[in-house]
Amino acid sequence: MSRPTRRQILHGSAAALAGAALAAPVAFADTAAARPTDGHGQMAGDGPSGGHEMPEPFDEMYEGRHIEGWPADEGDAQNGGHNSSGAHAGRHAGPHDGMDFVVRIDNDDLHVMRNADGTWISLVNHYETFTTPRALARAAVRELQGADLVPVVTG
């Protein structure tokens, strides 16, 4: 049995690398199917505006924890509370500046961020994306496993 030459090995490696480069776009084309759903079978990016509309407010008990969320401009920035009338409060510097959506677990703020693709992440689940802040809050409750949420102090 003859040994392959250096040239044959380099040609084979180049062919394998070219094949992998051509196959990569096909392998990653369906990554949206791997995103978590919001509990209603709708994935991020589905819907009329591609998942970029502001989510609906929520207020519920989940696994014994009180979770709530609302668009940041609906809350009263002076006391950090939720304005249940839905009226927009006057704009003052407050704890929710720079946030699109406020999420709380047992009255403690959970810092959430919206990604460019319309999905949401939090400090508790920073490497996992969610389609809605409600799904994100529920996942944070599961991750905390009964532990208290420690608020982020900036400044």
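Helices (DSSP runs of H or I, at least four residues) and strands (runs of E, at least two) are numbered from the N terminus. The views below concern a predicted model, in which local features need pLDDT of at least 70 and side-chain atom pairs count only at pLDDT 80 or more, whereas totals for chains, interfaces and linings use all residues. Residues are numbered from 1 along each chain as its sequence is written, and side-chain values use heavy atoms, with hydrogens and water left out.

**View 1. The loop at glycine 64, between β1 and β2.** Glycine 64 sits in the loop that lies between β1 (58–62) and β2 (65–71). With a relative accessibility of 63%, glycine 64 counts as exposed, where exposed means over 50% relative accessible area, buried under 20% and partly exposed in between (1.4 Å probe, protein chains only). Valine 141 is 77 residues away from glycine 64 along the chain, and the C-alpha atoms of the two are separated by 9.2 Å.

**View 2. The protein chain as a whole, with its confidence.** The protein chain contains two helices and eight strands, and from the N terminus on its elements follow the order α-β-β-β-β-β-β-β-β-α. Of its 155 residues, 30% are buried. The average pLDDT (the predictor's confidence in each residue, from 0 to 100) is 73 for the protein chain, and 60% of the residues score at least 70. Over residues 29–50 the pLDDT stays under 50, and the model has 23 contacts beyond four places in sequence for this stretch, a contact meaning heavy atoms within 4.5 Å. The pLDDT also stays under 50 over residues 76–94, for which there are 27 contacts beyond four places in sequence. Where pLDDT is low, the predicted coordinates should not be read in detail. Among contacts in the protein chain with a separation of 6 or more, 48% are between residues 24 or more positions apart.

View 3. Four strands, in the order β1-β2-β5-β6, form an open sheet with antiparallel pairing, where two strands pair if DSSP finds at least two bridges between them. The edges are taken by β1 and β6 (108–110), each of which has a single partner strand, so one side of each is left without a neighbour in the sheet. From one strand to the next, the twist averages 25°. Helix α2 (residues 133–144) packs on this sheet and touches β1, β2, β5 and β6, its direction making about 25° with that of β1; axes are lines fitted to C-alpha atoms, for helices over the stretch in contact, and angles run from 0 to 180 degrees between N-to-C directions.

**View 4. Strand β5 and its two partners.** β5 is mostly covered, with five of its five residues buried. Phe101, Val103 and Ile105 point one way from this strand, while Val102 and Arg104 point the other way. Five bridges join β2 to β5 in an antiparallel arrangement; glutamate 68 has arginine 104 as its bridge partner in β5, and tryptophan 70 has valine 102. β5 and β6 also run antiparallel and are joined by three bridges, with leucine 110 of β6 as the bridge partner of valine 103. These two strands, β5 and β6, form a hairpin with two residues between them, and aspartate 106 in the turn has a positive phi of about 50°.

**View 5. The aromatic rings around phenylalanine 58.** Rings of Phe, Tyr and Trp (its six-membered ring) pair if their centres lie within 6.5 Å, and planes under 30 degrees apart count as stacked, over 60 as edge-to-face and the rest as tilted. By this rule there are two aromatic pairs. Phenylalanine 58 and phenylalanine 101 are stacked, because their ring centres are 6.3 Å apart and their planes lie at 20°. Phenylalanine 58 belongs to β1 and phenylalanine 101 to β5 (residues 101–105), so the pair ties together parts that are 43 residues apart in sequence. Both residues are buried, phenylalanine 58 with a relative accessible area of 6% and phenylalanine 101 with 0%. Ring pairs link Phe58, Phe101 and Trp120 into a cluster. Beyond its neighbours within four places in sequence, phenylalanine 58 is in contact with residues including Ile67, Val103, Pro133 and Ala137.

**View 6. The largest nonpolar core.** A nonpolar core is a set of buried Ala, Val, Leu, Ile, Met, Phe, Trp, Tyr and Cys residues joined through side-chain atoms within 4.5 Å. The largest one has 18 residues, and those with the most contacts inside it are Phe58, Ile67, Val103, Ile105, Leu110, Val112 and Leu136. At least two residues of this core are supplied by each of β1, β5 and α2, and the largest share, seven residues, comes from α2.
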